[in-house]
Amino acid sequence: VQEDVAYYGMEENHEVIIYKYDISNIKNPVLVDEVHQEGNYNTTRKVGNIMYIFTNMFISYEKGVTAETVLPEINGELVDAKDVYICEDMRQEFITSSINLGETDEKMEVIDSMVIMNSYAEVYMGLDGLYLYESNYNFNTNVTNTIISKFGYKGGYMTAINCTTINGTIRDKFAINEKDENLRVLLTE
């Protein structure tokens, strides 16, 4: 091993499992259902009775690029290719699914899912839209741009609405919010 060479290993991809328990008898909780989603946990959001799960998964080019090696699984089924968005610089997959939690004793239902192949995305969920944003540094212009993509999420069904690029970086989750159907961001250059 050469001393002047750094070696990096990627963490293996994981799976997130959502467990639903009936706790009407607190002394005897009963497992009602579980939902499995490939990827490393990123975050979750809950709107009404629908939970949105966000995970990340590294793209491994060593295994070859096929539907089975690239498309993630949710409850043992591959995400449909029509629900995959491909960005120019793709190093990982950002996986989102919406789950109807149902009544206390009902099984959960996966309503919709989508995958965005990108370099890395953060999530902001407003009342009117689900926003994914990522910053990219352009070495030719020495400028950092932020790409913001908006998705609707009515009834758990996610639809692409719009995408824009702005100069600067959104530093943290306190620098982005939504008001009166407008997204407001505070940028750092």
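**View 1. Glu122, at a relative accessible area of 26%, is partly exposed.** The label follows a 1.4 Å probe with protein chains only, where buried means under 20% relative accessible area, exposed means over 50%, and partly exposed lies in between. This is a predicted model, in which local features need pLDDT of at least 70, side-chain atom pairs count only at pLDDT 80 or more, and totals for chains, interfaces and linings use all residues. Residues are numbered from 1 along each chain as its sequence is written, and side-chain values use heavy atoms, with hydrogens and water left out. Glu122 forms a salt bridge with Lys173, the closest N and O atoms being 3.4 Å apart; the term requires a side-chain nitrogen of Lys or Arg within 4 Å of a carboxyl oxygen of Asp or Glu. The pair links distant parts of the chain, 51 residues apart, with Glu122 in strand S10 (residues 122-125) and Lys173 in the loop between S13 and strand S14 (176-179). Lys173 is likewise partly exposed, with a relative accessibility of 41%. Strands (E, at least two residues) and helices (H or I, at least four residues) are DSSP runs, numbered from the N terminus.

**View 2. Asp83 and Lys82 meet through their side chains in a salt bridge of 3.3 Å, N to O.** The search of the whole structure finds two salt bridges. Asp83 is buried at a relative accessible area of 15%, whereas Lys82 is exposed at 62%. Side chains of opposite charge can pair when their charged atoms come close. Asp83 also touches Ser113, the residue shown in the next view.

**View 3. Ser113 belongs to strand S9 (residues 109-118).** With a relative accessible area of 12%, Ser113 is buried. Not counting residues up to four places away in sequence, Ser113 touches Ile74, Val79, Asp83, Thr96, Ser97 and Met158, where contact means heavy atoms within 4.5 Å. For one of these residues, Ser97, the C-alpha atom is 4.1 Å from that of Ser113, although the two are 16 residues apart in sequence.

**View 4. An open sheet is formed by five strands in the order S3-S4-S8-S9-S7, with mixed pairing.** Two strands are taken to pair if DSSP finds at least two bridges between them. Strand S3 (40-47) and strand S7 (84-86) stand at the edges, and each has a single partner strand, so that one side of each is left without a neighbour in the sheet. From one strand to the next the twist averages 15°, where axes are lines fitted to C-alpha atoms, for helices over the stretch in contact, and angles run from 0 to 180 degrees between N-to-C directions.

**View 5. Strand S4 (residues 50-58) and strand S8 (residues 92-100) run antiparallel and are joined by nine bridges.** Met57 has Glu93 as its bridge partner in S8, and Phe58 has Gln92. S4 is mostly covered, eight of its nine residues being buried. Glu93 in S8 is also buried, at a relative accessible area of 1%. Leaving aside neighbours within four places in sequence, the contacts of Glu93 include Thr55, Asn56, Met57, Val70, Val115 and Met117.

**View 6. Strand S12 (residues 143-152) pairs with strand S13 (residues 159-167) in the antiparallel sense over eight bridges.** Lys150 has Asn162 as its bridge partner in S13. The two strands form a hairpin with six residues between them, in whose turn Gly155 has a positive phi of about 60°.

**View 7. Tyr19, Tyr21, Ile23, Ile26 and Leu31 make a nonpolar surface patch of about 540 Å².** Patches are made of residues with over 30% relative accessible area and no salt bridge, like charges being joined within 9 Å and nonpolar side chains (Val, Leu, Ile, Met, Phe, Trp, Tyr) within 5 Å. Accessible areas come from the Shrake-Rupley method with a 1.4 Å probe, and for residues only the protein chains shown count as cover. Tyr21 lies in strand S1 (residues 15-22) and is partly exposed, at a relative accessible area of 44%.
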